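Reader: I have a model open and some labels to check. Can we go through them one by one?

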Amino acid sequence: MSAPTADRNDPGPDVGVVGGSGLYALLEDAEPVTVATPWGEHSDGLTTGTVGGRRVAFLPRHGRRHTLAPHRIGYRANLWALRSLGVRQLVTVSAVGSLRPELVPGTLVLPDQVVDRTWGREHTFYDGSVGRGAVVHVPFADPYCPVGRVVVVAAARARGQEVVEGGTLLTVQGPRFSSRAESRVHADAGWSVVGMTGMPEAALARELALCCTALSVVTDHDAGVEAGDGVTHAEVLEVFAAALERVRAIVLAALQALPRERTGCACAGVLDGLALPFILPGEEK
């Protein structure tokens with residue numbers, strides 16, 4: 001049986017979560033939903049539900065069975081689908097490697113910056129493939145929502161969990177892990193953690209005027225940081241699984257605490273005054 005399509009009469013969830021490796025389900029009352037987008041199909045497993053009386057959307061970016069490699073994920077379709085449902089504030093969760101010795105496996109990091117070292121991915125909605133109009137240049141100096149970061153930190157500390165505030169998330173192409181030489185270059189640059197899905201996800205969220213907060217779960221030291229044979233995918237999933245329950249608790253608490261009105265950040269108004277080539281989902285008359 002196919003999943004139901006989005007109900008236009010349903011006000012829908014205003015907050016959402018994108019889950020990474022190891023986080024394939026979140027909501028106890030999950031209802032599957034499918035959203036048609038101009039950018040193709042979103043990752044399978046998109047669901048909606050309720051957390052503490054608040055409507056929430058959840059999407060596992062790799063699919064329910066981890067069948068999508070990082071460079072094959074339909075990031076544009078994913079973000080478009082979530083906004084179409086009503087999502088305006090987003091928490092993303094991902095497994096990352098540490099580029100600093102002190103960021104040991106199990107550490108939770110809330111980056112405030114991102115570096116993109118991917119290629120061949122669809123990085124923008126404003127490439128002329130949909131709609132007509134001038135090129136749109138969206139500010140991205142501060143990629144992540146400051147309000148969302150404060151909320152997630154508070155949710156973690158209320159549960160006795162520490163989160164490293166700030167740092168730079170490097171996004172590499174994958175799906176392979178870094179060589180030792182690459183890892184040393186990344187560490188020498190002063191970056192904090194490395195993953196494969198942070199971009200273009202954060203940039204696309206900004207292009208849709210979404211608040212985006214990235215919660216990174218350190219699963220290993222990257223190859224050039226410590227001696228050893230290097231990380232394996234199985235080890236990543238094992239460490240993530242050990243942190244899953246505390247990550248889930250933090251995310252669920254943060255979703256309930258995110259403000260109903262987006263007045264404390266600039267994310268909602270980032271497109272003000274720009275001539276967009278199409279109507280954003282959820283803004284249709």
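Reader: Is the crossing of α2 and α5 left-handed or right-handed?

Author: This is a predicted model. In it, α2 passes α5 in a right-handed crossing.

Reader: Which residues of α2 and α5 meet?

Author: From α2 come V151, V152, A155 and A156. They meet I250, A253, A254 and A257 of α5.

Reader: How many nonpolar, polar and charged residues does the contact of α2 with α5 have?

Author: The contact has eight nonpolar residues, no polar ones and no charged ones. Ala, Val and Ile count as nonpolar.

Reader: Which residues touch the most other members of the largest nonpolar core?

Author: L46, L79, L82, F125 and Y126 do, in a core of 43 residues. Membership requires buried residues joined through side-chain atoms within 4.5 Å. Elements that each supply at least two residues include β4 (54–60), β5 (89–98) and β11 (211–221). Helix α1 gives the most, with seven residues.

Reader: What does F125 touch, not counting residues up to four places away in sequence?

Author: F125 touches W39, R76, L79, W80, L204, E207, L208 and F278.

Reader: What residues does the second, separate core include?

Author: That core has 32 residues, among them V93, V153, A155 and I250. A155 and I250 also take part in the meeting of α2 with α5.

Conventions:
Residues numbered from 1 in each chain as written. Predicted model: local features only at pLDDT ≥ 70, side-chain atom pairs only at ≥ 80, totals over all residues. Heavy atoms only, no water. Buried < 20%, exposed > 50% of the residue type's maximum accessible area, 1.4 Å probe, protein only. Helix = DSSP H or I, 4+ residues; strand = E, 2+ residues; numbered from the N terminus. Contact = heavy atoms within 4.5 Å. Left-handed = near helix turned anticlockwise from the far one by under 90°.
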